[in-house]
Amino acid sequence: MERNYTFTGDFSPEAVAGVLSIEMILALIANGVVLVITIYQRKSWKQSSTIFFTSLILAHLVLTLYLPFSIATLAAGEWIIGSTDEEKKGTCNFNGFIVLFSAYVMFMTLSLISIDRFLFIVKPHLHKRFMSPRVALVLVIIVWIVNAVFFSSGFINGSGMVYQYIDSQGLCFANTTSPIMAATRFSMAMILLCIIVVTSVCTFCFTRKFINNQSMIVGESVYASKKKRLFGIFGSMLLIYGICFAPGTFLSSFLAIIDPPNQLIISAVILFFLAIILSPVVQSYFRPEINSVIVNIICHKIMDKPDHNLTVKHDSSCTNTVSFDS
């Protein structure tokens, strides 16, 4: 069926394109900084947690591929990627695949992080024995392959899911065309959510004293930093993904059943992409190997800047202490 690739919505596409452009720039900067520092910190690759968090960052960067095409389309008021209807259909399908594929890669990776965190604290001997960096890498590869295969079904007619341009929204989405596919996708999300909730609750039941004792046995990692900020990183990430992903996950899963306003869907899209900005910010704050590099860079910038009101005191640590004279 030939589709209309011209925007027919009742909101300002230029304004939405401007907001998405800002989100794309911030996402590239935030995720790029974390990825570069992670690659630079070679010792951190000996930890399974680094593999999982890097998978999240890569999924964020893949997801940003959705934005340039969508921004150009919204600004132009029509899908302009491709000269013929066949080419437009192909690029639109790929764009719809990217957003759904990346979202579920992130969701599954969060489940792996939750399991890894649970084993690290509750069963440290099992974590040390089974959750090696190689095992973590294999699990991450499986997650990416399974999602790629499953969501490729959107390119097959009659699968219950199609990638298409929605003219009232000006974007390409994955649209469930059958209640069975909608229920399948929603069930996947619920299973992953249950894994996160159960493992997180079990982990939370253990006291901070227990965490400190086990960290001395297992050693230093992103889950056992000097400040023991374990609950901070995972709790903050769950809060961010929960708030930002919930509306989009619900609406996209039941788009064939319900008919929400276009403004609500666009708001969910903007909120959805906000997560890929905030998540690397949380990582850069709580992960010691990332935070230490950023703090050092900031301290060096302050040291290099001449200021008579600054007195820089050097110590033996990796960072510098900066004090302000009265």
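This is a predicted model: local features need pLDDT of at least 70, side-chain atom pairs count only at pLDDT 80 or more; totals for chains, interfaces and linings use all residues.
**Checking the labels**

Me: Why does Cys194 count as partly exposed?
Reply: Its relative accessibility is 47%. Residues are numbered from 1 along each chain as its sequence is written, and side-chain values use heavy atoms, without hydrogens or water.

Me: Where does Cys194 lie, and what is its C-alpha distance to Ser111?
Reply: Cys194 lies in helix α7 (helices are DSSP runs of H or I with at least four residues, strands are E runs of at least two, numbered from the N terminus). Cys194 and Ser111 are 83 residues apart along the chain, and their C-alpha atoms are separated by 9.1 Å.

Me: What makes the buried residues of α6 line one face?
Reply: The buried ones are Ala136, Val140, Val143, Asn147 and Phe151. Seen down the axis of α6, they fall within an arc of 55°, so they line one face of the helix; the arc is taken over the directions from the helix axis to the C-beta atoms. Arg134 and Val149 are exposed on the other side of α6.

Me: Why is Val149 called exposed?
Reply: Val149 has 59% relative accessibility, so it counts as exposed. Val149 also belongs to a nonpolar surface patch with Leu137, Ile141 and Ile145, about 370 Å² of accessible area together.

Me: What makes the Trp79 and Tyr165 pair tilted?
Reply: The structure holds 15 aromatic pairs. In this one the ring centres are 6.2 Å apart and the planes at 55°, so the pair is tilted. Rings of Phe, Tyr and Trp (its six-membered ring) pair if their centres lie within 6.5 Å; planes under 30 degrees apart count as stacked, over 60 as edge-to-face, the rest as tilted.

Me: Which parts does the pair tie together?
Reply: Trp79 is in the loop between α3 (66–76) and α4 (85–122), and Tyr165 is in strand β1 (161–166), so the pair ties together parts 86 residues apart in sequence. Trp79 is buried, with a relative accessible area of 0%, and Tyr165 is buried with 0% too.

Me: Why are Phe150 and Phe151 called edge-to-face?
Reply: Their ring centres are 4.9 Å apart and the planes stand at 85°, so the pair is edge-to-face. Phe150 is partly exposed at 27% relative accessibility, while Phe151 is buried at 0%.

Me: Which rings form a cluster?
Reply: Ring pairs link Tyr66, Tyr241, Phe245, Phe272 and Phe273 into one.

Me: How do you know that Val33 is partly exposed?
Reply: Val33, in helix α1 (13–40), comes out at 38% relative accessibility, so partly exposed is the label. Val33 and Ile294 are 261 residues apart in sequence, with 9.3 Å from C-alpha to C-alpha.

Methods:
Buried means under 20% relative accessible area, exposed over 50%, partly exposed in between (1.4 Å probe, protein chains only). Patches are made of residues with over 30% relative accessible area and no salt bridge: like charges are joined within 9 Å, nonpolar side chains (Val, Leu, Ile, Met, Phe, Trp, Tyr) within 5 Å. Accessible areas come from the Shrake-Rupley method with a 1.4 Å probe; for residues, only the protein chains shown count as cover. A salt bridge is a side-chain nitrogen of Lys or Arg within 4 Å of a carboxyl oxygen of Asp or Glu.
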